[in-house]
Amino acid sequence: MILALETATTACSAALCAADGSVVAETVALEGPAHTQRLLPGVHEVLERAAASWSDIGTIAVGLGPGAFTGLRIGVATARALAQADGRVRLAGVPTPAALALALARAPEAVAHRPLVPLIDGKRREVFAAVYAVDEAGGGIRVVEHVTVVPAGELAAWLARLGDILVGGDGAVLYRDLLPPTARVADGVPAPTAAMVGRAVAREAPGLVFGADAVLPLYGRAPDAARWTGGGSAAHPASPGGAR
Amino acid sequence: MTGPMAGAPGVAIPPDGPLLCVETSCDDTSAAIVRSREVLSSIVSSQDELHAQFGGVVPEVASRRHTELVNDVVAEAMSAAGVGWRDLAAVATTQGPGLIGALLVGLAAAKAIAYRRRLPLIPVNHIQGHIAANYSLGLEAPFVCLVASGGHTLLAVVEEGVAYRVAARTMDDAAGEAFDKGARLLGLGYPGGKELDLLAATGDARYVSFPRAVLRGRDFSFSGLKTALLYDLRGRDEAEVEAHRADIAASYQAAIVHQLVEKTAACAAREGLRRVAIAGGVAANSGLRQALTERCEAEGLQLALPPLSLCTDNAGMIGLAAGFLPALPWPTYLDLDAFASDSATRPAKRRPPAARPAHSA
Ligand SMILES: [Zn+2]
């Protein structure tokens, strides 16, 4: 079975999925206290509910983001440490937009040949957006445009050029009023969940990675500090200057 | 409020069972194996080089690095101590105070490891960790401990184990912050405190007389010193600063050290304690170690000076403190959160008037 975690947005979830991606047990809280207070209790709950033991689990999978930095780190650090202390399971990471796109492909609103556009709140009125298409041959999805940061004010124009699309994720909920008329919102996909991550592993979603060297957060943005060095902030001189 | 209180329901762990300890409260990623009062291994992956380009610790950069490093550091600590997963008796981790995003990485990893191995978890207060470093020297309570680093400066009256009362604290900057800011003003490299210490050793501490009038109260204050240094440097031309940089550094360091030593000695006298200890990154400052040694000798006080490796942030000290703290039984700790500050680390001026600045295990 696959033990999956997803913490890239304010939604926090853990899921136990069968090898084919079907959900055995899942906890989802779209909002609530910090991820650190919700994630492991969620893991414990799904294991208890399914009466599963660690020997039943072959893969520990986590959504890599992008999303909110602190949440991502809690999910990734938890998955990495669980796998390390287990010593036997396979550690997997899935780009969160790919997990969302797979869920969009299965949504009732999905229409053949219509691009799938996961939207994740990036805070500061920015959205992480990517474009996927249903892979007609394999029944999976493929990347059309990799993740990029779109300012909320430019979202309508950025999406409108794609024609008729299906959108989902917390960015679609948050900026619903800014979406162009060509964007159809998948109401059943308000946020990425662990079950979507588990399914993404089973369906070998694009960007799927394995092992501790690869399973690290996809931040989608440099830390603020990197902006300082570019700007040479006076409060934090990048290089030692002379006495002033 | 800040972890388990003394007498909280804890689970018994074998006294000779090894603890896996994790500490990520600031910019060092550290893991250790500690058995009773012995640090079997302590691995510290310093991020100094990474943060040097920014001239200070950048929380987001530190948190990212912890995420990449913590598992390797844990593996290294275990293999250095020759300890396997099945040998561990419990996992100990820093819960706070510190940089919240940085703390959360270590806490998430420690909780997950403890959960997967069905082990108890011991949340440790970072300040209590610093204090406990002194137990590696065979020191016995009660004693006065000067805890000084870039993030905190206080005098702790340690009554028993790691239970302590705050006898004095800083009203503004931490001592380590004063060193770092001074180093920046003097145009030294990063980490500033270390550079300033090295340079000061070659200078004449009588060259500038920095104000020492602040000595009236029990609490520390360093922001005035920093301002005095700024004005002193502004009053000199570049050639003069160039020629006397070591002398100015030595004078500045001596003023900080003087305050730390005087307040520590006064606290010991006021509390009627004959034992003095020192902890935190500033405890690695050679000027402070020397001045405090001399002062304690003059007054007949017993002084504990932990090795430098246990002064700066490290997981070994977390394990030494954990031995005095209750272990939370599996799986009661799964929702445990970190905390950025507590009553001991908030500056004195923001303390509510009625609150007693106490913190006990
Ligand atoms: Zn510290």
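1. Start with one ion pair inside chain A. Arg221(A) makes a salt bridge with Glu126(A), and their closest N and O atoms lie 2.4 Å apart. It is the one salt bridge found across the interface of domain 1 and domain 2 of chain A. Keep in mind that this is a predicted model.

2. Now the domains of chain A. The assignment gives domain 1 as 2-95 + 192-227 and domain 2 as 97-185. Their centres, taken over C-alpha atoms, are 22 Å apart. In the contact, 21 residues of domain 1 of chain A meet 23 residues of domain 2 of chain A. The two domains bury about 1,700 Å² between them, with 64% of it on carbon and sulfur atoms.

3. What else links these two domains? Four residue pairs are in polar contact between domain 1 and domain 2 of chain A, both residues of each at pLDDT 80 or more. On the domain 1 side, α6 (194-202) and α7 of chain A each supply at least two residues. α6(A) gives the most to that side, with four residues. By class, the domain 1 side has eleven nonpolar, five polar and five charged residues.

4. Turn to the interface between the chains. The area buried between chain A and chain B is about 3,400 Å², and carbon and sulfur atoms give 62% of it. The model scores ipTM 0.92 and pTM 0.91.

5. Two salt bridges are found across the interface of chain A and chain B. One of them joins the side chains of Arg73(A) and Glu60(B), at 2.9 Å from N to O.

6. Domain 1 covers 19-132 + 313-335, and domain 2 covers 141-306. Their centres, over C-alpha atoms, are separated by 28 Å. Here 16 residues of domain 1 of chain B are in contact with 18 residues of domain 2 of chain B. About 1,300 Å² is buried between them, 72% of it from carbon and sulfur atoms. Within domain 1 of chain B, Ile127(B), His130(B) and Ile131(B) lose the most area to domain 2, together 46% of what that side buries.

7. α1 (48-52) and α4 (126-132) of chain B are the elements that give two or more residues to the domain 1 side. α4(B) gives the most, with six residues. By class, that side has eight nonpolar, six polar and two charged residues.

8. A word on confidence. Chain B has a mean pLDDT of 90, and 93% of its residues reach 70 or more. Over residues 1-8 of chain B, pLDDT stays under 50, and the model has 14 contacts beyond four places in sequence for them. Residues 350-361 of chain B also stay under 50, with 28 such contacts. Where pLDDT is low, the predicted coordinates should not be read in detail.

Note on methods: Residues are numbered from 1 along each chain as its sequence is written. Chains are lettered from A and ligands numbered from 1 in the order in which they are written. Side-chain values use heavy atoms; hydrogens and water are left out. Domain bounds come from an automatic or database domain assignment. Contact means heavy atoms within 4.5 Å. Buried area is the accessible area (1.4 Å probe) that two parts lose on being put together, summed over both. Ala, Val, Leu, Ile, Met, Phe, Trp, Tyr, Cys and Pro count as nonpolar, Asp, Glu, Lys and Arg as charged, and the others, Gly among them, as polar. pLDDT is the predictor's confidence in each residue, from 0 to 100. A salt bridge is a side-chain nitrogen of Lys or Arg within 4 Å of a carboxyl oxygen of Asp or Glu. A polar contact is a pair of N or O atoms within 3.5 Å; within protein, one must be able to donate a hydrogen and the other to accept it, and residues adjacent in sequence count only if both atoms are side-chain atoms.
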